[in-house]
Amino acid sequence: MFSQNNKKALQEQYQKIVQQIEQTDAEGKSAGNLVTVKLSGKHDLLDISFSPDCIDPEDPQGLAELVMQAHAEAKKELEAKISKVMPNLGGGMGL
């Protein structure tokens with residue numbers, strides 16, 4: 001079992017990690033950099049931008065696919081950043 005000091009230290013470290021994750025953001029781009037998606041550490045959509053070259057009224061499905069690609073890349077980048085932070089949870093506490 002953890003002592004009160006260890007529990008408190010673990011809680012403080014956890015809070016720091018949560019705060020660090022919440023302050024993290026990630027950006028993903030579709031093929032050809034036609035669509036860019038930016039996500040927060042909470043996976044909220046912060047921004048989406050389109051190159052004028054990708055807006056084709058004749059092909060709305062193509063634009064949807066580019067958005068999905070950009071979102072997938074942003075999510076992948078965010079998860080990689082979060083995984084770098086999470087291993088630090090037990091650091092220095094003998095976990």
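The questions and answers below go from the overall layout to single residues.

Colleague: In what order do the elements of the protein chain run from the N terminus on?

Modeller: This is a predicted model, and every value that follows is computed from it. The secondary structure of the protein chain comes to two helices and three strands. Read from the N terminus on, the order of these elements is α-β-β-β-α.

Colleague: What share of the residues of the protein chain counts as buried?

Modeller: The protein chain exposes about 6700 Å², and carbon and sulfur atoms supply 51% of that area. A residue is taken as buried when its relative accessible area is under 20%. Applied to the 95 residues of the protein chain, this gives a buried share of 24%.

Colleague: How far apart are the end C-alpha atoms of helix 1, and what span should its residues give?

Modeller: Helix 1 covers residues 4–22, which is 19 residues, and at 1.5 Å a residue the span should be 27 Å. The end C-alpha atoms agree with this expectation, because their separation in the model is also 27 Å.

Colleague: Why can the buried residues of helix 1 be said to line one face?

Modeller: The buried residues of helix 1 are Gln13, Ile17 and Ile21. Seen down the helix axis, these buried residues line one face because they fall within an arc of 80°.

Colleague: Which element do the buried residues of helix 1 pack against?

Modeller: Helix 1 has a face turned away from its buried side, and that face carries the exposed residues Gln4, Asn5, Lys8, Gln11 and Lys16. The buried residues, in contrast, have a packing partner, and that partner is helix 2 (60–85).

Colleague: Which residue meets Asp25 in a salt bridge, and at what N to O distance?

Modeller: Side chains of opposite charge can pair when their charged atoms come close. A search of the whole structure finds three salt bridges. The one at Asp25 links distant parts of the chain, from Asp25 in strand 1 (residues 25–29) to a residue in strand 2 (residues 35–40), 13 residues apart. The partner of Asp25 is Lys38, at 3.7 Å.

Colleague: Are the residues of the salt bridge between Glu27 and Lys29 buried, exposed or partly exposed?

Modeller: The side chains of Glu27 and Lys29 meet at 3.7 Å, N to O. Glu27 has 38% relative accessibility, so it belongs to the intermediate class. Lys29 also has 38% relative accessibility and therefore counts as partly exposed.

Colleague: How close do the N and O atoms of Lys81 and Glu77 come?

Modeller: Both residues lie in helix 2, four residues apart, which is about one turn of the helix. Lys81 is partly exposed with a relative accessible area of 33%, and Glu77 counts as partly exposed at 29% relative accessibility. The salt bridge between Lys81 and Glu77 has its closest N and O atoms 3.2 Å apart.

Colleague: What is the area of the nonpolar surface patch that includes Phe50?

Modeller: Phe50 lies in strand 3 (residues 45–50), and at 38% relative accessibility it counts as partly exposed. Together with Leu45, Ile48 and Ile55, Phe50 makes a nonpolar surface patch of about 360 Å².

Colleague: What is the phi of His43, a residue that is not a glycine?

Modeller: Most residues other than glycine have a negative phi, and most peptide bonds are trans. Asn33, in the loop between strand 1 and strand 2, has a positive phi of about 55° although it is not a glycine. His43, which is found in the loop between strand 2 and strand 3, is likewise not a glycine, and its phi is positive at about 70°.

Colleague: Is Ala26 buried or exposed?

Modeller: Ala26 is found in strand 1, and, not counting residues up to four places away in sequence, it touches Val37, Lys38, Leu39, Ala74, Glu77, Leu78 and Lys81. Ala26 and His71 are 45 residues apart in sequence, while their C-alpha atoms are 9.8 Å apart in space. With a relative accessibility of 1%, Ala26 counts as buried.

Conventions. Residues are numbered from 1 along each chain as its sequence is written. Side-chain values use heavy atoms; hydrogens and water are left out. The expected span of a helix is 1.5 Å times one less than its number of residues. Buried means under 20% relative accessible area, exposed over 50%, partly exposed in between (1.4 Å probe, protein chains only). The arc is that of the directions from the helix axis to the C-beta atoms. Contact means heavy atoms within 4.5 Å. Accessible areas come from the Shrake-Rupley method with a 1.4 Å probe; for residues, only the protein chains shown count as cover. A salt bridge is a side-chain nitrogen of Lys or Arg within 4 Å of a carboxyl oxygen of Asp or Glu. Patches are made of residues with over 30% relative accessible area and no salt bridge: like charges are joined within 9 Å, nonpolar side chains (Val, Leu, Ile, Met, Phe, Trp, Tyr) within 5 Å.
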